[in-house]
Amino acid sequence: MALTLYVDTARWRAHHKQVSEQFPGLVPVCKGNGYGFGHERLADEATRLGSDILAVGTTYEAARIKDWFGGDLLVLTPFRRGEEPVPLPDRVIRSVSSIDGVYGLVGARVVIEVMSSMKRHGVSEQDLPHLHSAIENVRLEGFAIHLPLDRTDGSDAVEEVIGWMDRLRAARLPLHTMFVSHLKAEELARLQQQFPQTRFRARIGTRLWLGDHEATEYRGAVLDVTRVSKGDRFGYRQQKAASDGWLVVVAGGTSHGVGLEAPKALHGVMPRAKGVARAGLATVNRNLSPFVWAGKQRWFAEPPHMQVSILFVPADATEPKVGDELVAHLRHTTTQFDRIVER
């Protein structure tokens, strides 16, 4: 019995098609764990979409995916001198975020990242005069800008891109292609209209693969159910049951990503209050699991094990049966399923 990812394939692919139509020249992104689907599967889906290029996170990912995808591969992590050399075919394009990086890739195909309001990496406006000689010995595929998801200061994403387009144009640098991230379809259309001689290509991962939440669902199979009474001891740490109910062993543990959660940015009073409440409950070993039974998320009886989780279901709920499946609200980018079922 397994932690299963169920996929409504027709609906999932219909969403891919819709996104690709909204973003002409779309560059699908396949990095990390392949957004929960795996690199091989997303490479196949990108091919199905007719994509001529696929973006990956690292050179190591490019080395794996090159046998599954026949088009160009864009490595998003910027090149750094001294990095471990990874044998890659000529169809791999490297991102660069410094003048030194450009000089270090003589003869290579490169995309130059500019510094956005993300302030993560990229060449600065002061670097632009030095790019002319630097790009003479590389094959420049275009420039790129990676934008923030939220704009709490009310600034305009399009205006930020326009600002960089004007700087690059003033520096007399080639503007045939600009790779962008985190723009809306209408924002991309505005840019394309204003700069008709430049091809804007949106790099999209989450919105493409995970944008339709109803197309996918994780479920964990029930492996065992044991009745307990208030005060009964159980588990590795021999804690006491707080009330009558059932201990439910369900497929899905830390090796699947269950119980592992990336930090979240909290905005507003209510989300912060809920975060404080969850932290307080955790100090007394009360942690809400991602598994749902009888319409409610159920509490972990104890921290998840490597391949299973033990939940507590109170006596006033319906008793789960071995073989039942519990819906699990899991983050795709941190989850590893046992099997995938197409439906």
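The lining of the second largest pocket divides into 5 nonpolar, 6 polar and 5 charged residues; Ala, Val, Leu, Ile, Met, Phe, Trp, Tyr, Cys and Pro count as nonpolar, Asp, Glu, Lys and Arg as charged, and the others, Gly among them, as polar. The model is predicted, and local features need pLDDT of at least 70, side-chain atom pairs count only at pLDDT 80 or more, and totals for chains, interfaces and linings use all residues. Residues are numbered from 1 along each chain as its sequence is written, and side-chain values use heavy atoms, with hydrogens and water left out.

The space in this second largest pocket is about 510 Å³. Of its 16 lining residues, H213, T216, L330, R331 and H332 are the closest to the centre. Two or more lining residues come from each of α8 (206-210), β10 (216-228) and β17 (325-328), and β10 gives the largest share, 3 residues. Helices (H or I, at least four residues) and strands (E, at least two) are DSSP runs numbered from the N terminus.

Grid points are joined across faces, edges and corners, and a volume is the space filled by probe spheres set on the points.

A search of the whole structure finds 1 cavity of 30 Å³ or more. The largest cavity is lined by E113, M115, S116, M118, K119, R120, H121 and H146.

| Space | Volume | Lining |
|---|---|---|
| Second largest pocket | about 510 Å³ | 5 nonpolar, 6 polar, 5 charged |
| Largest cavity | about 40 Å³ | 2 nonpolar, 3 polar, 3 charged |

An open sheet of 8 strands runs in the order β2-β9-β8-β7-β6-β5-β4-β3, with parallel pairing. Its edge strands, β2 (27-28) and β3 (53-56), each pair on one side only. Two strands pair if DSSP finds at least two bridges between them; β8 (residues 177-181) and β9 (residues 199-204) are joined by 4.

Helix α6 (residues 157-170) lies across β6 (109-114), β7 (139-146), β8 and β9, where contact means heavy atoms within 4.5 Å. The helix runs at about 145° to β7; axes are lines fitted to C-alpha atoms, for helices over the stretch in contact, and angles run from 0 to 180 degrees between N-to-C directions.

G259 is in the loop between β13 (245-251) and α9 (269-282). G259 counts as exposed because its relative accessibility is 52%, with buried meaning under 20% relative accessible area, exposed over 50% and partly exposed in between (1.4 Å probe, protein chains only). Its C-alpha atom is separated by 7.3 Å from that of S289, 30 residues apart along the chain.

Key: On a 1 Å grid over the protein atoms alone, a cavity is a set of points where a 1.4 Å probe fits but cannot get out, and a pocket is an open set with protein on both sides within 12 Å along at least five of seven lines; lining residues have an atom within 4 Å of a point.
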